[in-house]
Amino acid sequence: MQQIENFKQAKFIWLKLPLTHDAAHLHVIFGAFQMHGFLQAKVYQWFSQLLFVGATLSLPGKQQQFICQQLDLPSKTPFVKLPGMFDYQRQAIGLMVSDAPDISRQQTAYAAYVSQMIIKILQVTPGRQTLILFNSQNMLEKVYQRLQDVTLTATRKVLAQGITGSNEKIIKNFMLGSGMILLGTGTFWEGIDLPQSQLEQLIIAQLPFSSPDTVINQLRFNQLRQAKKSTFWELSLPEAMQRLQQGAGRLIRTANDHGVLIVLDSRIITRKYGCWLQAALPAKMPLKAVTSEEMLSKLTKFWQN
């Protein structure tokens with residue numbers, strides 16, 4: 001306990017006790033939700049020069065400050081964005097649906113809509129390997145259950161995170177399969193490489209806004225409020241933009257890939273912050289705001305060409 005009291009660098013201490021089995025251990029988790037001064041003192045001072053290389057280190061406009069804050073870098077740190085190696089004009093298309101139910105007000109209706117659109121998309125593009133990204137396990141499970149109810153799982157192989165096996169097993173089956181559907185959240189937004197026919201259609205079922213109810217976010221939001229800053233514009237939006245960058249990056253992995261990005265969450269069109277989220281998508285990818293029916297038509301046309 002003396003060590004805990006003397007742990008000056010931690011911004012929070014989180015106690016976690018799993019209740020799923022009797023032999024569970026109490027976990028004491030230390031974390032820093034504010035990087036200012038931490039990396040400079042603990043890491044950067046030991047190097048004469050620093051070079052960061054990554055695909056999601058750049059955000060458009062003033063949102064670049066979020067990256068600097070997260071990496072504990074000066075606000076005037078130079079960022080160099082190199083030309084991409086993919087021909088998005090030829091290889092891909094982005095379709096953003098404008099007439100979906102508002103997920104923030106109509107969760108049940110939205111789950112039904114997503115399920116219906118997934119079925120229609122798979123009907124007009126039979127055999128296409130498809131990844132569907134969610135932002136919550138709860139919504140994923142609702143959609144999976146609806147797909148089961150209409151017997152889609154009897155005719156197509158549907159893999160679902162947290163339901164049909166471990167993450168490792170699901171990814172392995174998806175990579176080795178053909179014409180499969182994968183419903184994922186969390187870590188499936190990043191760090192998986194599915195080139196060519198391993199992934200042909202990427203559906204964003206929910207924009208990746210982090211939950212405000214987590215322990216860490218409650219602390220971070222409270223700190224921003226005390227500083228009289230907007231929790232949405234300073235944290236929620238830039239985080240979602242970076243997450244969306246990561247998710248969209250799953251689609252085109254080589255110069256020989258072809259694929260379609262479909263965003264079913266219409267807030268990317270209907271909300272004033274939608275333009276920022278659109279700017280986080282690949283710069284050269286053709287983006288079209290469409291109705292649900294227009295999306296199906298353009299999707300069919302893309303694969304016919």
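Close-up 1. Glycine 259 is buried, with a relative accessible area of 0%, where buried means under 20% relative accessible area, exposed means over 50% and partly exposed means in between, as found with a 1.4 Å probe on protein chains only. This is a predicted model, in which local features need pLDDT of at least 70 and side-chain atom pairs count only at pLDDT 80 or more, while totals for chains, interfaces and linings use all residues. Residues are numbered from 1 along each chain as its sequence is written, and side-chain values use heavy atoms, with hydrogens and water left out. Glycine 259 belongs to strand β8 (residues 259–263); helices (H or I, at least four residues) and strands (E, at least two) are DSSP runs, numbered from the N terminus. Leaving aside neighbours within four places in sequence, glycine 259 is in contact with residues including Gln91, Ile93, Glu200, Phe302 and Trp303, contact meaning heavy atoms within 4.5 Å. Glutamine 129 is 130 residues from glycine 259 in sequence, yet the two C-alpha atoms are 9.7 Å apart in space.

**Close-up 2. The two sides of helix α8.** In helix α8 (residues 167–176), the residues Ile170, Ile171 and Phe174 are buried. Seen down the helix axis, the buried residues of α8 fall within an arc of 95°, so they line one face of the helix; the arc is that of the directions from the helix axis to the C-beta atoms. These buried residues pack against the strands β4 (130–133), β5 (158–160) and β6 (181–184), whereas Glu168, Lys172 and Leu176, on the other side of α8, are exposed.

**Close-up 3. The span of helix α5.** Helix α5 (residues 107–124) has 18 residues, which at 1.5 Å a residue should span 26 Å, and its end C-alpha atoms are 26 Å apart, which agrees; the expected span is 1.5 Å times one less than the number of residues. Among the buried residues of α5 are Tyr110, Tyr113, Val114, Met117 and Ile121.

**Close-up 4. Two residues with positive phi.** Aspartate 72 has a positive phi of about 55° although it is not a glycine, and this residue sits in the loop between α3 (64–70) and α4 (88–91). Lysine 228, also a residue other than glycine, has a positive phi near 60° and is found in the loop between α9 (215–226) and α10. Aspartate 72 is buried, with a relative accessible area of 7%, whereas lysine 228 is exposed, with a relative accessible area of 78%.

**Close-up 5. Threonine 231 in helix α10.** Threonine 231 lies in helix α10 and is buried, with a relative accessible area of 19%. Not counting residues up to four places away in sequence, threonine 231 touches Phe221, Leu224, Arg225 and Ser236.

**Close-up 6. The lining of the largest pocket.** The largest pocket holds about 1500 Å³ of space, and of the 42 residues that line this pocket, the closest to its centre are Gly54, Ala55, Thr56, Lys81 and Leu82. On a 1 Å grid over the protein atoms alone, a pocket is an open set of points with protein on both sides within 12 Å along at least five of seven lines, and lining residues have an atom within 4 Å of a point. Helix α10 (residues 231–248) gives the most to the lining, with three residues.

Key. On a 1 Å grid over the protein atoms alone, a cavity is a set of points where a 1.4 Å probe fits but cannot get out, and a pocket is an open set with protein on both sides within 12 Å along at least five of seven lines; lining residues have an atom within 4 Å of a point. Grid points are joined across faces, edges and corners, and a volume is the space filled by probe spheres set on the points.
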